[in-house]
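Let's take a walk through this model together, with the sequence in one hand and the structure in the other.

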Amino acid sequence: MSDPTPGSTPDTTPDTTPDTRTARATTDEPSRRPTYGQRRRERIDALALAGTVDDEPGVSLVRSAWNRLRRNPVFLLGLAITVAFVVLAIIAPWIAPWDPTARPLLDEVRPQTNPVPGPQPGHPLGGDDRGRDLLSRLIVGSRQTLVVGVCATLLGLLGGLVLGTLAGAIGGWVDSFIMRVVDVMLSFPSLLLAFTIASLARSPSQWTLIVAIAAVQVPVFARLLRGSLLALRTSDHVLAARALGVKQRAVVFRHMLPNALGPVIVQATLSLAISIIEAAALSFLGLGNPDQRQPEWGQMLGLAQRYISEAPHLAFYPAGCIIVVALGFTLMGESLREALDPKSRR
Amino acid sequence: MLRFVVRRLLQLILVILALSVLLFVWLRSLPGGPVSAILGERQTSARREALEAALGLDQPIPVQYVRFLQRAVEGDFGISTKVLPGEDALVVFWSRLPATVELTVLALIIAITLGIPLGYLAARRIGSLTDTTAVIFSLVGVAVPVFFTAFLLKYFFAVEWQVLPVSGRQTTGLDATRVTGMFVLDGLLTREWDASWDALKHLILPALALATIPFSVIFRITRASVLDVLDEDYVRTAEAKGLTARVIRGRHVLRNAMLPVVTTIGLQVGGLLSGAILTETVFSYRGVGDALATSFREKDYAVLQVLILATAIIYVLVNLLVDIAYAVLDPRIRTR
C-alpha cells in the first residue's frame, strides 16, 4: 500500500555528471550490501538524485521540467483532478444542497425494511442510514479527506525534514544512527506501523489517524532528503559558499535545502494519494474518527460495510471519490518524477 | 557465500533486538500500562498488585527489559482475553498462521503468474494497446484501496451472483481432517477432495483481492526491468551474433531482467501483510490479519503484542531469504 514509486529502476544515473556520480557513491555507502527494504531505499535514493542534477546550461531544472510537463496529457489529467478536488473542498459548504449533519430523510429510515433511503427529488443520491443527504455528505466529505491527507503528509514531511536534515547536514555518527532507525521503520509493514502507533491513543480521533499515517511517511521523506543533501554537499556552489566562509547553518538552510526540495515535492504528491488511501483503510478498521457528524470519505466507506447487501451504493460513491482523487495525485506525482528524472531527459 | 549468510544472520539478530526494545517501549506506553495490557478486563486491584510484583515493575527499567526478553524467549506473552478467551496468546498466533500463509501464498502466485508475463509483453510491445491498457490498469490498481477491491468482489461474486461463499474458510459442518491447518493442502493430503475444493472456493475471492497489490508492483517492475535490459549492449551483441530470438529472450533478456523482480517479490510481503489485515476483515477470514484487527479493536493487548512481534519477525526473515536468493542468482552481490 505504501509503495510510492513502483516501476522505477534501481539505477537511474547512467549519464550524469561526475559530480553526481561521486555523490551517488556516498549515498550508497551505508547500504552496500542488500539489506531490508533495499529496493525501496534505492528507489527513494534515485528520486533524491533525480532532482539535483544540473540540466544543460541556460535552462533551469524547473523550466525544463515544466516544458516537458506542459505537453504531458497524464500530468495534465492528474493536475485537473487535483485542482478540481481542492476547489471542491474549498467551496463545499456553499454548493452542498443540504447541511451534512441535518437529517431530512430521517422519517424514511426503517431499520428493518428500508435502512437506507433511496434517491428521490431533492436527494439525487438518496440518504444514508441516519437519514442524511448522501450527496451533501460526499461534497462536504472532500474537506476532511483533504485535511487528513494534507496534514498527514505535512507532518510526515516535517518529521522527515528534521531527521533528513540532521543526517544529511551533520553526517558522521548522527547520520549512521538516524539512518539505521529509518531503515528499521522502512522495513516494517506500513499498516502494522500505523496500527501500532494508533493503539497508543486512548481513543481514536482524527488526529490519531493523521499521526499514524504521518509516522509511515517520516522515514520515506528522511531518506529522500538525506540523499539529496549528500549529493549537494559536494556540489560546486556549496563548496564555494564554504570557501567564502559562510556559516554552516546558512549553508544548509540557504544553499542546500532549497535545492533539495524538488524530489521532496514529488514524493509529497505521491504521499497525498497514499495518505488518503491509508486513512480509508484505518477508518475501515475502526481507527478513524468516531465522530460521525463531519463526514470523511474513508469513514463513510468504513461505515457503509454494514449495508453491503441492501445498499452497496453507500460504499461505491465514497470509494469512487477516493479512487479518482488518489489516481489524480498518483498521475501527477509519477509524471513529475519522470520529468525530474535525468534518464528521461535524453 | 557462507560468510554472507552468517553476516546477514547477525544483522537479523540486531534487528530483532531493536524490535524487542520498540515493543517494550510500546507496551509500557499503552494506555494503562503493561499491567492493564496483560490483564485486560479481568483487572482487579489485588490482581493488579500481584502482577506488578510478578512482573517486577518496581525494578529499574534495564532489569525490566531483560525480564521482558526472558519471558518473550520462553514464549510467555500472557493470556488472550477476547480473540480466543483463556488461551495463551502465542497459541492464538500459531492457530491463525496457516490460514494467512495459505491466503498470501495463493495471492502471490496469482500476482506472479499474471504480473511477469504481462510485464514482459508490455515491454516488448511498448506503446501498443496491450502496453497502455496494462499500465493504466496497474496505475488504477495502486489507487484503489485493497479493502474496496475485496468489497467489490464480495458484493458481485458472493452477494449478487452467489457463485462463491461470502465469508469464512470452509463451510461449517463440513467434516474435514486437519493436518497442517492449511485447509486446501489438508484435503489433498487426506484425499478429502470435497474439503479441499470447498476451502479453495472460500479462498479465491480474498486471494484475488489481495493479489491486486503485488500484481501492480510486479507488473511495473518487470516492464521497467525488461525495458532496461533490452537496451543493454550484451543483447545487441547477442543479436549481432545471430542468436535466435528465442535464445536471446530466454537467456539474455528474461534471466537478467528477473533480478530486480525477485527482490520486489520479497518486498511485497510487507504489503501483503498490510493487505491481509484488510481482506481478512472483509471476508471474516480467520487468519493473522483478522486476529490483528480484532485484538486491536477489542484491546486484547496480549494477542496484539504477539502478533506485532511475530509479523515483524516473519517479515524480516522473508527478506533475509530473498536476499540470499538474490545472492545465489547474482554472484556480484556476494563480493560487494
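Helices (H or I, at least four residues) and strands (E, at least two) are DSSP runs, numbered from the N terminus. This is a predicted model, in which local features need pLDDT of at least 70, side-chain atom pairs count only at pLDDT 80 or more, and totals for chains, interfaces and linings use all residues. Residues are numbered from 1 along each chain as its sequence is written, while chains are lettered from A and ligands numbered from 1 in the order in which they are written.

Start with chain B, which has 14 helices and zero strands. Its C-alpha atoms fill a box of roughly 85 × 55 × 40 Å along the principal axes. Of the 336 residues in chain B, 41% are buried (20 or more other C-beta atoms within 10 Å of the residue's own; exposed means 12 or fewer, and partly exposed lies in between, with C-beta atoms placed from the backbone).

Now find helix 4 of chain B, residues 61–73. Its 13 residues reach 18 Å from first C-alpha to last, close to the 18 Å expected (1.5 Å times one less than the number of residues). After this helix comes B:G75, with a positive phi near 80°.

Most residues other than glycine have a negative phi. B:S284 is not a glycine, yet its phi is positive, about 45°. You will find B:S284 in the loop between helix 11 (245–282) and helix 12 (288–297) of chain B. B:S284 counts as exposed because it has 12 C-beta neighbours inside 10 Å.

Next, turn to where the chains meet: 46 residues of chain A are in contact with 53 residues of chain B (C-beta atoms, placed from the backbone, within 7 Å). On the chain A side, helix 13 of chain A gives the most, with eight residues. That side divides into 28 nonpolar, 12 polar and six charged residues (Ala, Val, Leu, Ile, Met, Phe, Trp, Tyr, Cys and Pro count as nonpolar, Asp, Glu, Lys and Arg as charged, and the others, Gly among them, as polar).

Finally, look inside chain A. The axes of helix 5 (residues 134–170) and helix 11 of chain A come within 8 Å and cross at roughly 130° (axes are lines fitted to C-alpha atoms, for helices over the stretch in contact, and angles run from 0 to 180 degrees between N-to-C directions). Among the residues that meet here are A:G149 and A:G156 in helix 5 of chain A and A:A268 and A:S275 in helix 11 of chain A. The residues of this contact divide into eight nonpolar, six polar and no charged.

Note on methods
Contact = placed C-beta atoms within 7 Å.
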